[in-house]
Amino acid sequence: MADEAPQRSRRSAHPQPPVALVTGASSGIGATTSDRLAAAGWRLLLSGTDRGRLDDVAARTGGHPLPEDLAKPDGAQRLAEAALATAGRVDALVASAGLGWRGPFAETPSDALDRMLEVNLAAPLRLVRLLLPGMLERRRGRIVLLGSVAGQVGVRDEAAYAATKAGLAMFAESLWYELRGTGVGVRIVLPGPVDTPFFARRGTPYQRERPRPVAVERVADAVLATITTSCDRPFVPRWLGLPARIHGAAPGVFRRMASRFG
């Protein structure tokens with residue numbers, strides 16, 4: 001027993017870094033957020049589908065790559081199991097993986113619709129379901145979901161994408177009430193268009209005059225703030241919160257404005 005006290009003292013002097021699981025970490029918001037978390041001293045578990053880019057992010061952040069396709073119904077379970085097997089726990093989940101498709105809803109390919117539903121909505125819910133019990137047991141944790149202003153106001157020719165993000169927002173809102181006082185926080189980041197490969201991968205470039213795409217670093221900074229501060233629902237840029245409030249208070253007025261200004 002006498003020998004155990006110094007050992008406990010040494011362990012407490014060098015606490016283990018917190019562990020974050022980041023999805024969509026091979027590029028865009030997920031990759032840049034991983035950079036921010038690594039600089040802040042987090043141990044990273046990095047998930048994505050592009051193994052080459054994922055390895056690059058892992059090399060520069062010291063993270064552990066866990067490649068997984070979240071478009072598959074069992075992808076979230078495999079990822080959660082791999083994360084817990086690798087690190088023993090997850091202190092923060094950053095669900096930044098996302099897919100989009102632009103065009104009339106009647107022309108949306110069935111496979112594109114299925115993949116958006118899985119990656120944007122079902123996978124984050126499944127990951128939270130699998131990782132939340134451990135956070136509740138430890139009475140600490142952060143769940144950060146990447147939403148979109150599209151899920152707050154709706155966007156023409158992006159009906160399915162907007163629907164997945166609206167569902168994610170309502171999930172976050174409902175879970176917020178459940179988790180009050182537990183030590184586990186749920187956050188949702190609500191960016192407008194972001195300057196990432198997202199638009200090229202969906203097959204159509206961003207064509208609207210406004211809002212203009214913001215730098216990915218601004219979104220990553222917002223994600224980090226939701227983990228380290230009490231900020232729980234930031235819009236990026238902040239002024240996008242105004243049209244969201246107008247839509248909520250006077251949807252008819254918002255629709256007329258949107259029809260006029262695009």
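# Exercises on a predicted protein chain

With 262 residues, the protein chain would have a radius of gyration near 18 Å as a compact globule, and its value of 19 Å agrees with this. The radius is taken over C-alpha atoms, and the globule rule is 2.2 Å times the number of residues to the power 0.38. The model is predicted: local features need pLDDT of at least 70, side-chain atom pairs count only at pLDDT 80 or more, and totals for chains, interfaces and linings use all residues. Residues are numbered from 1 along each chain as its sequence is written, and side-chain values use heavy atoms, with hydrogens and water left out.

**Exercise 1.** Determine the order of the strands in the sheet and identify the edge strands.

*Solution.* 
- Step 1: The secondary structure comprises 11 helices and 7 strands. Helices (H or I, at least four residues) and strands (E, at least two) are DSSP runs, numbered from the N terminus.
- Step 2: The 7 strands form an open sheet with parallel pairing, in the order β3-β2-β1-β4-β5-β6-β7. Two strands pair if DSSP finds at least two bridges between them.
- Step 3: β3 (64–65) and β7 are the edge strands, as each pairs on one side only.
- Step 4: Ala-20 stands opposite Leu-44 in β2.

**Exercise 2.** State which strands helix α3 lies across, and at what angle it runs to β2.

*Solution.* 
- Step 1: Helix α3 (residues 51–61) lies across β2 and β3.
- Step 2: The angle to β2 is about 180°. Axes are lines fitted to C-alpha atoms, for helices over the stretch in contact (heavy atoms within 4.5 Å), and angles run from 0 to 180 degrees between N-to-C directions.
- Step 3: Helix α7 lies across β5 and β6 (184–191) and runs at about 155° to β6.

**Exercise 3.** Locate Arg-139 and Asp-157, and classify the exposure of each.

*Solution.* 
- Step 1: Most residues other than glycine have a negative phi, and most peptide bonds are trans.
- Step 2: Arg-139, in the loop between α5 (110–138) and β5 (141–146), has a positive phi near 60°. At 53% relative accessibility, Arg-139 is exposed.
- Step 3: Asp-157, in the loop between α6 (150–153) and α7 (159–179), has a positive phi near 65°. Its relative accessible area of 26% makes Asp-157 partly exposed.
- Step 4: The cut-offs are under 20% for buried, over 50% for exposed and in between for partly exposed (1.4 Å probe, protein chains only).
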